[in-house]
Amino acid sequence: MPIPAKPLRILAVSGSLRAASLNTLLLQTLATLAPASIDVQLYRHLGDLPLFNPDLEKPLPEPVADFKNHILSADAVIIASPEYAHGVTGVIKNALDWLVGTEAFVNKPVALLNVSGRAVHAYAALREIVTMMFANIIDAASLTIPLYGNGLTEADVLANPQTVQDLQAVLVALQQAQNLE
Ligand SMILES: Cc1cc2nc3c(=O)[nH]c(=O)nc-3n(C[C@H](O)[C@H](O)[C@H](O)COP(=O)(O)O)c2cc1C
């Protein structure tokens, strides 16, 4: 009997702590769409990380170590994060700052998703940050997938064929990138 291939493990990280976050909703929907061959885990604990302080790096605070371990054990990471005042959110910057001095993102396949075509500053800045951390940004999996409106649900997102197609393209691109490794 053939041994089934291990699922691709993707860690999905939202840079918004808002309960009704569109970025989190996009990642949740991606997890729902993922086939059995891809395991998408949404990381929900960025709000537990203390503010970055280099004096506290040794040993890493437990919530930071948890985040780092999740990144290290993932085959790929997807980040979807909003733009605040033409910059990345403090939430995602704080989380990434904790890991700059570590190997967590080195050569890690990373996809950057953007739910707003207007959020060009934060998207470019996020790309620069993870590039500086030696991540392997997968361009084919890094898409702007617009989501607009209040009170959107996963059912609303799934009802949009273009959004579903884009999310499936993200998953396919990450799987292809993994197969090339
Ligand atoms: C404090 C604050 C600043 C914002 N600044 C910008 C901005 O500079 N550019 C932009 O396109 N959107 C900006 N927005 C809009 C957010 O990017 C938008 O509401 C997004 O949906 C928030 O992401 P979330 O739904 O995942 O929480 C801002 C929102 C807030 C709360």
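Q: How much space lies in the second largest pocket?
A: About 300 Å³. A volume here is the space filled by probe spheres set on grid points, which are joined across faces, edges and corners. A pocket is an open set of points on a 1 Å grid over the protein atoms alone, where a 1.4 Å probe fits and protein lies on both sides within 12 Å along at least five of seven lines; lining residues have an atom within 4 Å of a point.

Q: Which residues are closest to its centre?
A: P82, E83, V115, S116 and R118, out of 16 residues that line the second largest pocket. This is a predicted model, with local features needing pLDDT of at least 70 and side-chain atom pairs counting only at pLDDT 80 or more, while totals for chains, interfaces and linings use all residues. Residues are numbered from 1 along each chain as its sequence is written, and side-chain values use heavy atoms, with hydrogens and water left out.

Q: Which residues surround the ligand?
A: S16, R18, S21, L22, N23, P82, E83, Y84, A85, H86 and R118, with a heavy atom within 4 Å as the cut-off. α1 (22–33) and β4 (83–84) each supply at least two residues of that shell.

Q: And which side chains have N or O atoms by the ligand's oxygens?
A: R18 at 2.7 Å from a ligand oxygen, and N23 at 2.6 Å from a ligand oxygen. On the nitrogen side, a polar side-chain atom of E83 lies 2.8 Å from a ligand nitrogen.

Q: How much of the ligand does the protein bury?
A: 63% of the 630 Å² that the ligand exposes when taken alone, by the Shrake-Rupley method with a 1.4 Å probe.

Q: Switching over: what's the volume of the largest pocket?
A: About 360 Å³. It's lined by 20 residues, with S16, R18, A19, S21 and T24 nearest its centre.

Q: Which element gives the largest share of that lining?
A: α1, with four residues. By class, the lining of the largest pocket has nine nonpolar, nine polar and two charged residues.

Key. A polar contact is a pair of N or O atoms within 3.5 Å; within protein, one must be able to donate a hydrogen and the other to accept it, and residues adjacent in sequence count only if both atoms are side-chain atoms. Ala, Val, Leu, Ile, Met, Phe, Trp, Tyr, Cys and Pro count as nonpolar, Asp, Glu, Lys and Arg as charged, and the others, Gly among them, as polar.
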